[in-house]
Amino acid sequence: MLKIIHPVVCGLDVHKDSVKACILKAQNSQNYTTIIKTFTTMTSSLEQLKSWLAEEECSIVAMESTGKHWI
């Protein structure tokens with residue numbers, strides 16, 4: 001049985017024109033809910049991503065990016 005350390009986490013996949021976000025919410029040590037959304041890289045859309053993460057009470061985010069887009 002896994003111990004839940006962070007009940008809500010998000011993974012981001014950053015591309016040139018989009019950011020795909022996947023939130024995992026633990027219900028217990030074996031069940032979780034997945035929510036996936038895609039945002040553009042425009043400032044207003046990134047602000048929406050920020051607001052969405054706050055609404056979902058997600059403070060732990062991991063980012064994956066290749067090339068120069070991580071900047």
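E1 and E2 form a hairpin with 3 residues between them; helices (H or I, at least four residues) and strands (E, at least two) are DSSP runs, numbered from the N terminus. The structure is a predicted model, in which local features need pLDDT of at least 70 and side-chain atom pairs count only at pLDDT 80 or more, while totals for chains, interfaces and linings use all residues. Residues are numbered from 1 along each chain as its sequence is written, and side-chain values use heavy atoms, with hydrogens and water left out.

Along the principal axes, the C-alpha atoms fill a box of roughly 40 × 25 × 15 Å. Strands E1 (8-14) and E2 (18-26) pair in the antiparallel sense over 7 bridges, where pairing requires that DSSP find at least two bridges between two strands. Within this pair, leucine 12 lies opposite alanine 21 of E2. E2 is also paired with strand E3 (residues 32-40), again in the antiparallel sense, over 9 bridges. Lysine 25 has threonine 33 of E3 as its bridge partner, and the hairpin formed by E2 and E3 has 5 residues between the strands.

Of the 71 residues of the protein, 20% count as buried (buried, under 20% relative accessible area; exposed, over 50%; partly exposed, in between; 1.4 Å probe, protein chains only). The largest nonpolar core has 12 residues, among them Val8, Leu12, Ala21, Phe39, Trp52 and Cys58. Such a core is a set of buried Ala, Val, Leu, Ile, Met, Phe, Trp, Tyr and Cys residues joined through side-chain atoms within 4.5 Å. E1, E2 and helix H1 (43-55) each supply at least two residues of this core, and E1 gives the most, with 4 residues.

The search of the whole structure finds 0 disulfides, a disulfide being a pair of cysteine sulfur atoms within 2.5 Å. For cysteine 22, the nearest cysteine sulfur is that of cysteine 10, 7.0 Å away. For cysteine 58, the nearest cysteine sulfur is likewise that of cysteine 10, at 5.1 Å. Cysteine 22 is partly exposed, with a relative accessible area of 25%, whereas cysteine 58 is buried at 9%.

The largest pocket has a volume of about 220 Å³. Pockets were located on a 1 Å grid over the protein atoms alone, as open sets of points where a 1.4 Å probe fits, with protein on both sides within 12 Å along at least five of seven lines; lining residues have an atom within 4 Å of a point. Grid points are joined across faces, edges and corners, and the volume is the space filled by probe spheres set on the points. Of the 15 lining residues, Ile4, His6, Ala26, Asn28 and Tyr32 are the closest to the pocket centre. E1 and E2 each supply at least two residues of the lining, and the largest share, 3 residues, comes from E2. The lining comprises 9 nonpolar, 4 polar and 2 charged residues (nonpolar: Ala, Val, Leu, Ile, Met, Phe, Trp, Tyr, Cys and Pro; charged: Asp, Glu, Lys and Arg; polar: the others, Gly among them).

Glutamate 57 is located in the loop between H1 and strand E4 (60-65). Its phi is near 55°, a positive value in a residue other than glycine. Most residues other than glycine have a negative phi. Glutamate 57 is exposed, at 67% relative accessibility.
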